[in-house]
Number of protein chains: 2
Amino acid sequence: MLPVPELIAAARRQKPVDLLVRNVRLVNVLSGEIHPAHIAVRDGVVIGFEEYAAATVVDAGGRHCVPGLIDGHIHIESTLLSPARFAEVAARHGTAAVICDPHEIANVMGAAGIEYMLAASAGLPLTVFVMMPSCVPATPMETSGAVLTATDVRDFLDRYPERILGLAEMMNYPGVLGGDPAVLAKLAAAHGRVIDGHAPLLRGPDLNAYIIAGPASDHETTTVAEAREKLRKGMHLFIREGSQEQNLHELVPALNDCNSHNASFVCDDRLVNDLVGHGHLDAVLRKAMAAGLPPVRAVQMATINTARYFRLHRLTPLAPGWRADFVLLDDLPSFAIADCYLNGRRVAQSSFAAAAPFSANTMRVAGLEPAALRVPAAPGRLRTIGIIAGQIVTDHLLLEPKIAHGMAVADPERDLAKLAVFERHQASGRVGLGFVTGLGLRRGALAGTVAHDSHNLIVGGMSDADMIVAAREVVRIGGGLAVADDGVVLASLPLPIAGLMSDAPAAEVQNGLQAINDALGRLGHALANPFAALSFLALPVIPALKLTDRGLIDVARFEIVPLWDAG
Amino acid sequence: MLPVPELIAAARRQKPVDLLVRNVRLVNVLSGEIHPAHIAVRDGVVIGFEEYAAATVVDAGGRHCVPGLIDGHIHIESTLLSPARFAEVAARHGTAAVICDPHEIANVMGAAGIEYMLAASAGLPLTVFVMMPSCVPATPMETSGAVLTATDVRDFLDRYPERILGLAEMMNYPGVLGGDPAVLAKLAAAHGRVIDGHAPLLRGPDLNAYIIAGPASDHETTTVAEAREKLRKGMHLFIREGSQEQNLHELVPALNDCNSHNASFVCDDRLVNDLVGHGHLDAVLRKAMAAGLPPVRAVQMATINTARYFRLHRLTPLAPGWRADFVLLDDLPSFAIADCYLNGRRVAQSSFAAAAPFSANTMRVAGLEPAALRVPAAPGRLRTIGIIAGQIVTDHLLLEPKIAHGMAVADPERDLAKLAVFERHQASGRVGLGFVTGLGLRRGALAGTVAHDSHNLIVGGMSDADMIVAAREVVRIGGGLAVADDGVVLASLPLPIAGLMSDAPAAEVQNGLQAINDALGRLGHALANPFAALSFLALPVIPALKLTDRGLIDVARFEIVPLWDAG
């Protein structure tokens, strides 16, 4: 930024400004009005709303102008795009800043993963803030690539006081309520900074205890009653609109004239095809206004409310002295974007070159042989994961096995596929085996390294041989997704950045994902995002039955259970 | 505060709480509702709104409960009370915290004065935050007791990171706009902290420049148009309701559903008789609700809005984990207070003992002799300060002198009194002489050390002899106010703390002030607060004509002018 005396001189018209966008209708999130204005910019900073002599003058023709949008909680990894590639797309959809939780890459690579996300997002036109992951690994019942302690939390917060804003979603609420010293030590390490919560269905005295321990927001709220209690008790309400979970319609009725400034829109997880096809927060605002939220209030929930919660003083709301991030709209209710400016420059003319290349190979897998998948027959029924379409919770089923040659095998007739999770961080050769219904395959297999939260190599299929072919392809491409049938790879999508992200342009990744989905379609799948469904089957904090490299997890009992139920 | 595990256990009902105030109607400034609740408290911290087993249970009988109030801008010195004595009164009126600008004592004693305010307010049940004075002295045309530089600003901010929140009202807006390096250095020293503004009538490009330089609030706004522009440009609007200036009725129409969270109520200056007689922010809220502001929104403007602006995370709004500061009301619209709690204790049972006694004598005056007041006749007319009742701006009059024995003298027939400002910090013997109309005296004199902003010894009267008697009495009592007539002191009020404040109980100070006003009444004055009027006659940043120890100041020209206008 220019020295203050230069900016003062520019504001007083003693020096010209760089840019004047004349004749906008400003959606002013500070004064709560829509009013005529010009936007004068010098050195990336808003100078004023008056007429100024400018090097470049743009006539906005009375278009609405909104501040650049902020997503208060997103896992960039879930887009499948690197930070720069994500930013390139999001910026075109009006996003000026995101607060990301690099929880996924941290589970693969620990501190090195967080350092990569910081380096790879530094200096982009879209500002990327980071929250320090709080739960790596999510549970002790799986093998992650790293363990982060309270010491790591303190270290990162100290070293990046500007870019790391606090502690990311504290998912381990049982640990908080139980007073687990390691958990409380992480909260203490972030004392005085922003601490995000994650407290699905937590109510009453337990919610009091959780809030007192530090977390100040929640993005897992799904009902009005829950939203109302959390607002009353001082939590900032993140209303989530992700690819998997959408809570806007349910939660908007909890808002009123005097509390909406304590609520924000966030996306949490947003897959590349959603991002490119429907947009980012622009899509959320379109939906919010269609749901009856007044435009100024809706835009506040995607800008100033989030900035305030994160204590981002002087970022994003459009006013003198603040960063010149703004969006011109052809139409406000449909949020039809005409043009975006970040730091006073047109996004279309800005460079989103990746600041830091990724060079590691995070695929350390041993024992990828068909023999590793064999399940010898045993007495009893098979504990089976039952996928519920559109949800990340699963059923915990007990099914009769199909036995062939003394082995339990997949059964396409009943949509019963075999499922395997190969440990991929330490080349231990450890594999967890199970069965799953609801993938919808009639043949072949799919494999991927996006497998919350430890991101081991998860493989599902109707044929052991194809499962190994798909898994080996994923290893060959350095991590990613693959589909195989009849001994041949049908499609694969490299995600070489920690097995989670690609540095290819978004359109290319989207096409790759489409090719995967098309190949799966030919094998018979019935789900909208089969890989997204697969990616949650290894997440042992979501009920009811999950599979990790250590075996089947009964989430209700929070313990490893045998595959065979002799019951 | 108790360790977090203890509070978690209390919240989960595994340990009893200290206090349960049952059956309130909570004015919830977070959720924007009024809802039934109980208030459970452990170790001064709100635990929850549910039923809890408690050592002490109070039934509130359905009374409304509001969070403790915060005054975002007050000069405690202007009450005439020491911090502890002020806190004692304010707490009974529902105040939980104030952000004070110790600008007055800093002008008398510099850093030592700020240290005194910090020490004298430490550990009181009412929380006192401090803003670092930005303009000591206010101008170079007067003699203050100290000079504070950018180095002092940085030093105090570094040494008191918790108690000093930022830089107090930057009154020197001409210095900001002119790019004065010393002024910009103070703003730079407070970079990243809260910087309060003071920008009466500043608009357009100049307002842009001022905001860009750092100040983020304004309490000098007097019209809706000015308020709207400042809100649009991102300033936090402090709506002032002081003893001298009252802007609520004028400014409330600038508020709407989507911007009121960017506005707060402040008192700025509130004299002891107002404070004891009418109250503090409780009086402001009564007025606000009578003016039609919805109760929740009004209370937000005296609590959470102010806490947010000052980044006081976890202070004052009533929710789990926050300080248990709250007020029970017999009636919400009239804000009739039934009981106040600070830190979970009844204010009536809390101790407000002064933490730090004051021992210095700040009266260093020389030359208090009648001869010092002589004004030899000269050609032309007298430049005369014209008091305008109820305002701190004055007229700049040119009047024919009354001459006696070759000297210009006071003239009771025309309400023309003599005015003198004796330098009182360095015993220099320097005195500025002038004349004033509008004091309303028929005889006698009044003297005081409350004389903005340098707080020299100001004396006005119809008799030189009585002026010296009153001035000497003020010196004798170590600073304060005095009235004399016919060679005798009629009344005096000691303000031995820097000549500004008393450590006596508020009622005693109020009675002392009443005795002063009664004595003045017998001498013929017509003003409501004659000493308040006198105290602004030495303030050379307010138009049009003022008097300092260096002489008459033409504020429009910002220079010293001769007493005689040869015209």
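This is a predicted model: local features need pLDDT of at least 70, side-chain atom pairs count only at pLDDT 80 or more; totals for chains, interfaces and linings use all residues.
**Two copies, one axis: a chat about the model**

Visitor: Nice. Let's talk charges. How many salt bridges are there over all chains?
Guide: The count comes to 63. One of them pairs the side chains of B:Lys233 and A:Glu50, at 2.5 Å from N to O.

Visitor: Where do those two sit?
Guide: The pair crosses between chains. B:Lys233 is in the loop between helix H9 (224-232) and strand E12 (236-240) of chain B, while A:Glu50 is in the loop between strand E3 (45-48) and strand E4 (54-59) of chain A.

Visitor: Are B:Lys233 and A:Glu50 buried or exposed?
Guide: Both B:Lys233 and A:Glu50 are buried.

Visitor: What about A:Arg240 and A:Glu220?
Guide: Their side chains form a salt bridge too, at 3.0 Å from N to O. This one links distant parts of the chain, with A:Arg240 in strand E12 (residues 236-240) and A:Glu220 in the loop between strand E11 (217-218) and helix H9 (224-232), 20 residues apart. A:Arg240 and A:Glu220 are buried as well.

Visitor: And B:Arg557, what does that pair with?
Guide: B:Arg557 forms a salt bridge with B:Asp554, with the closest N and O atoms 3.7 Å apart. B:Asp554 is buried, with a relative accessible area of 7%, whereas B:Arg557 counts as partly exposed because its relative accessibility is 48%.

Visitor: Which residues do shared partners join into one network?
Guide: A:Glu50, B:Arg203, B:Glu229 and B:Lys233.

Visitor: Switching topic: which residues of helix H5 in chain A are buried?
Guide: In H5 (residues 150-159), A:Ala150, A:Val153, A:Phe156 and A:Leu157 are buried. They cover an arc of only 130° around the axis, so they lie on the same side of H5(A).

Visitor: What covers them?
Guide: The cover includes helix H4 (111-121), strand E8 (127-132), strand E9 (164-170) and helix H7 (181-189) of chain A.

Visitor: And which exposed residues are on the face turned away?
Guide: A:Thr151 and A:Asp158 are the exposed residues on that face of H5(A).

Conventions. Residues are numbered from 1 along each chain as its sequence is written. Chains are lettered from A and ligands numbered from 1 in the order in which they are written. Side-chain values use heavy atoms; hydrogens and water are left out. Buried means under 20% relative accessible area, exposed over 50%, partly exposed in between (1.4 Å probe, protein chains only). Helices (H or I, at least four residues) and strands (E, at least two) are DSSP runs, numbered from the N terminus. The arc is that of the directions from the helix axis to the C-beta atoms. Contact means heavy atoms within 4.5 Å. A salt bridge is a side-chain nitrogen of Lys or Arg within 4 Å of a carboxyl oxygen of Asp or Glu.
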